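Subject: Structure for you to look at

Hello,

Here is the structure I said I would pass on. Please open it first and keep it beside you while you read the notes below.

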Amino acid sequence: MEKRVAIIGAGISGLLACKYAAARGFTPVVFEEQAKVGGLWNHTIESTRLQNAKATFEFSDFRWPSSIEDMFPTNFKVVEYLESYAHNFGLLPYIKFNSKVMDMDYVGESEEEMRSWEFWGATGKPFGSKRKWILKVFNSKDNSTLVFSEVLHSMDYSAMDNAAATDFIKGKRVAIIGSGKTAVDTAFECAMANGSDYPCTMIQRTPHWALPDAFPWGINFGYFCATRFSELMVHKPGEGLLFSLIATLLTPLRWVISKFVESYIRWKLPLKKYGMVPKERFLDEIAACQIYMLPETFYDKVENGSIVLQKSQNLTFCKDGLIIDNDDHIKADVVIFATGYKGDEKLANIFKSPIFRNHIAGSRDSTIPLYRQIVHPRIPGVAAIGYSESASNLYSIEMRCKWLACLLDETVQLPRMEEMEKDIKMWDEYMKRYAANGKYRRACIAGLHIWYNDQLCRDIGANPRRKKGFFTEMFQPYGLNGAHDGSNSSRARNVDCVRVFPNVYG
Ligand SMILES: Cc1cc2nc3c(=O)[nH]c(=O)nc-3n(C[C@H](O)[C@H](O)[C@H](O)COP(=O)(O)OP(=O)(O)OC[C@H]3O[C@@H](n4cnc5c(N)ncnc54)[C@H](O)[C@@H]3O)c2cc1C
Ligand SMILES: NC(=O)c1ccc[n+]([C@@H]2O[C@H](COP(=O)([O-])OP(=O)(O)OC[C@H]3O[C@@H](n4cnc5c(N)ncnc54)[C@H](OP(=O)(O)O)[C@@H]3O)[C@@H](O)[C@H]2O)c1
């Protein structure tokens, strides 16, 4: 029987999944609701740039063109890079543009039968003779309607073209709700358009650590949080006694490193003056993927009154704006909710069956239950690539797609469902222990990037070590230091599945 692979979305995840599935002899079909590849990079706000250096956001087999000199390329350049990747590897013929998948329905075994399974999809394999997924696809061409209202989500604001977005905020008092990267970038953009004549108010529920630059006191950030040594300070999912002992002994050092970086940020930015010192530890915010790069002159705009920072736990609307804690009245013509992308809801809503929706959403007080951050033990034949976040997403997405391709052609065998669930639970415990502000549902691997990467490599039988010698292996930033970091990177980056590992816990 022909084995067909459907992929939803032609962003980075979809392009990589398509490439690696095609390389293993499958014929993927990619459904993309937009008319272009590149995903979210096609509709960011004008000022969005890559947050991490381009060397850390690079395909293993397709480098950034040498003509791009910026270390942090603009959104336009990222789209061009992704387009040329799709073109170079002949991915475009696999993509059906303007095709929105409305839902996915499962036809196969009964719920009762599924409950009795010990392996993912009964056999641990991605395909099964009795079952199929039916995708309802809507041709969305010319059907896009954009509603501009005075209260909107940042996704709608980003969807406007750049000129319309500037027009929309020009000469208006804008209030932005949120303290993530989207909120600061949008506030900055409003400040650029309006200056202090129409100040933009940013209402933060939780201030987060933001990096003023990537080199505190001249040291690459990776040395603090992206080395094997830095991961030794953390209790890892499924660790043995030795790792556990080392993590316990090194916990005070983790605190010292956090404090060191925090003191740098507090020295560079007037956080105290504006009451914006975060409560959580820097490294715990990394573990929750809540750290971001601040626009270089952000606090200049705060100092000159173009941006007003407010802290508030609650807000209500009133006739001419908002009322926040302590009955403070904020006059606003436009309110933008930069409150996140709700990836968990999107993931769940694609399933027609409420049973699968509940499975994937998991319990509200645990992480999204994905084994290796990719497959749900109780949803056969489906993989989620782009849900889990890291500090450098292209890298982890590419590794996941390599792992998935090995699963598709059955060189990777999944363990029993019970083992998968045990592993998920250990990651859940790790996230609950370390993720700042209780943000364990963000499914972030940034605090244990190397440990996670090692697991994927071991599953597919690839050697996870990539540096030359013990000291570079232990103390040099890993992965985030780029695909081409002058070490043995190509060995681990160009991994291929070579043998089957039934179940390996790091
Ligand atoms: C504004 C912004 C900036 C970011 N910047 C960085 C950064 O600097 N560095 C970093 O490492 N990470 C960054 N990230 C994280 C980002 O998620 C990844 O870098 C990456 O682009 C995600 O790719 P993706 O393919 O998983 O998702 P997306 O790029 O969101 O692609 C998903 C695609 O699926 C399509 N789609 C969705 N639903 C359907 C459907 N039902 N039917 C058909 N098609 C559908 C969408 O149209 C889209 O094209 C950023 C995220 C955001 C939101
Ligand atoms: N490359 C770039 O330049 C760039 C640009 C934009 C975004 N990104 C990335 O895109 C991802 C999403 O970023 P994001 O900023 O859109 O989302 P986010 O990181 O999820 O942040 C959402 C913000 O909204 C706040 N919020 C959520 N619900 C709220 C509520 N009900 N009331 C008040 N505040 C609420 C959150 O506050 P709490 O913290 O209190 O929950 C948080 O500050 C991140 O990975 C980010 O790094 C990158």
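Val30 stands opposite Ile95, a residue of strand 3. Helices (H or I, at least four residues) and strands (E, at least two) are DSSP runs, numbered from the N terminus. Before going on, note that this is a predicted model, in which local features need pLDDT of at least 70, side-chain atom pairs count only at pLDDT 80 or more, and totals for chains, interfaces and linings use all residues. Residues are numbered from 1 along each chain as its sequence is written, while chains are lettered from A and ligands numbered from 1 in the order in which they are written.

**The two sheets**

Strand 2 (residues 27-31) pairs with strand 3 in the parallel sense over 2 bridges; two strands pair if DSSP finds at least two bridges between them. They belong to an open sheet of 3 strands in the order 1-2-3, with parallel pairing. Strand 1 (4-8) and strand 3 (95-96) are the edges, and each has a single partner strand, so one side of each is left without a neighbour in the sheet.

Another open sheet of 3 strands has the order 12-13-14, with antiparallel pairing. Here strand 12 (315-318) and strand 14 (328-331) stand at the edges with a single partner strand each, so one side of each has no neighbour in the sheet. On average, neighbouring strands of this sheet are turned by 30° against each other, direction ignored. Strand 13 (residues 321-324) and strand 14 run antiparallel and are joined by 4 bridges. Leu322 is opposite Ile330 of strand 14.

**Two helices in contact**

Helix 1 and helix 14 (residues 393-408) pack at an angle of about 35°, and their axes are 9 Å apart. Axes are lines fitted to C-alpha atoms, for helices over the stretch in contact, and angles run from 0 to 180 degrees between N-to-C directions. Among the residues that make the contact are Leu16 and Tyr20 of helix 1 and Ile397 and Cys401 of helix 14; two residues are in contact if their C-beta atoms, placed from the backbone, lie within 7 Å. By class, this contact has 12 nonpolar, 1 polar and 2 charged residues. Ala, Val, Leu, Ile, Met, Phe, Trp, Tyr, Cys and Pro count as nonpolar, Asp, Glu, Lys and Arg as charged, and the others, Gly among them, as polar.

**The domains**

The domain assignment gives domain 1 (4-141 + 343-471) and domain 2 (151-337); such bounds come from an automatic or database domain assignment. Their C-alpha centres lie 26 Å apart. In all, 29 residues of domain 1 are in contact with 31 residues of domain 2. On the side of domain 1 that touches domain 2, helix 15 gives the most, with 7 residues.

**The ligands**

Ligand 1 is surrounded by 26 residues, the closest being Gly9, Gly11, Ser13, Gly39 and Gly386. A residue is near a molecule if its C-beta atom, placed from the backbone, lies within 6 Å of it. Helix 1 supplies the largest share of this shell, 3 residues. The shell has 10 nonpolar, 13 polar and 3 charged residues.

Around ligand 2 there are 22 residues, of which Gly178, Gly180, Thr182, Thr206 and Gly340 come nearest. Helix 6 (residues 181-194) gives the most to this shell, with 4 residues.

Regards
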